[in-house]
Amino acid sequence: MTDITRRQALAATGLTGAVALAGCAGATDDDGGSSESNPEGTILGEITVENLADTDHTVDVLVEFDGEIEHWSTHEFDETSEGVTLEGDWPDDHGSFRVTARLDEGEFTNVTPGGLSNPSCVNLFILVQREGSIRIAGVTDGGPCGSGDAALEDAEDADTND
């Protein structure tokens with residue numbers, strides 16, 4: 001497994017601040033999920049990591065909630081690996097969060113509620129794309145944010161942090 005050093009985590013945090021200030025594309029909601037803005041913060045629902053590529057990859061995931069690290073994990077995938085839904089060891093109430101993901105020890109990709117139009121609740125999908133890039137998509141329906149399961153198909157069609 002690959003360890004993220006404290007220096008790398010701090011660098012990601014600084015980079016995340018710059019990305020959050022720069023603004024990101026907002027998430028859309030076509031399925032009746034809860035996408036209205038919530039001034040008290042956003043509920044972070046499920047986080048699912050999926051490898052859509054036909055090659056081996058390692059994905060590091062860091063979840064910060066109200067400035068505190070709540071989750072840190074590394075996931076190794078090969079072409080036959082199933083996706084994984086992370087254990088929700090972060091608070092289940094409204095708050096401010098940042099999710100940072102890194103593919104194969106490369107550049108950090110971050111998302112915050114502001115980058116997703118501040119929904120009331122959001123499930124995140126960290127997707128390893130077929131061409132070897134990573135993206136984080138928000139889905140405001142399913143799982144803790146609505147009825148049924150949060151669907152990978154919805155994440156593939158959703159606006160992202162790009």
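A search of the whole structure, a predicted model, returned one disulfide. This bond joins Cys121 to Cys145, with an S to S distance of 2.0 Å. The torsion about the S-S bond of Cys121 and Cys145 is about -70°, and the disulfide is therefore left-handed. Distant parts of the chain are linked by this pair: Cys121 belongs to strand 7, whereas Cys145 lies in the loop between strand 8 and helix 2 (152-157), 24 residues apart. Cys121 has a relative accessible area of 5% and is buried. Cys145, at 10% relative accessibility, likewise counts as buried, because the cut-off for this class is under 20%.

The surroundings of Ile47 were examined with its neighbours within four places in sequence left aside. Under that condition, Ile47 is in contact with Val63, Val84, Thr85, Leu86, Trp90, Val99, Leu124 and Ile126.

Strand 1 is mostly covered, with seven of its nine residues buried. Its pairing with strand 7 is parallel and comprises seven bridges; within this pairing, Leu44 stands opposite Val122 of strand 7. Strand 1 is also joined to strand 4 (residues 84-85), in this case by two bridges and in an antiparallel arrangement.

Strands 2 and 5 are connected through several side-chain pairs. One aromatic pair was found in a search of the whole structure. The pair is formed by Phe65 and Phe97, which are stacked at 6.5 Å centre to centre with 15° between the planes. Phe65 is located in strand 2 and Phe97 in strand 5, so that the link spans distant parts of the chain, 32 residues apart. Both Phe65 and Phe97 are buried.

The count of salt bridges comes to two. In one of them, the side chains of Asp60 and Arg102 meet with an N to O distance of 3.0 Å. This pair links distant parts of the chain, with Asp60 in strand 2 and Arg102 in strand 5, 42 residues apart. Asp60 counts as buried at 1% relative accessibility, and Arg102 counts as buried at 3%. The side chains of Glu64 and Arg98 also meet in a salt bridge, with an N to O distance of 3.1 Å. Because Glu64 lies in strand 2 and Arg98 in strand 5, the pair ties together parts that are 34 residues apart in sequence. Glu64 and Arg98 are both buried.

Technical notes. Residues numbered from 1 in each chain as written. Predicted model: local features only at pLDDT ≥ 70, side-chain atom pairs only at ≥ 80, totals over all residues. Heavy atoms only, no water. Contact = heavy atoms within 4.5 Å. Phe/Tyr/Trp six-rings, centres within 6.5 Å; stacked < 30°, edge-to-face > 60°. Helix = DSSP H or I, 4+ residues; strand = E, 2+ residues; numbered from the N terminus. Buried < 20%, exposed > 50% of the residue type's maximum accessible area, 1.4 Å probe, protein only. Pairing = 2+ DSSP bridges. Disulfide = S-S within 2.5 Å. Salt bridge = Lys/Arg side-chain N within 4 Å of Asp/Glu carboxyl O.
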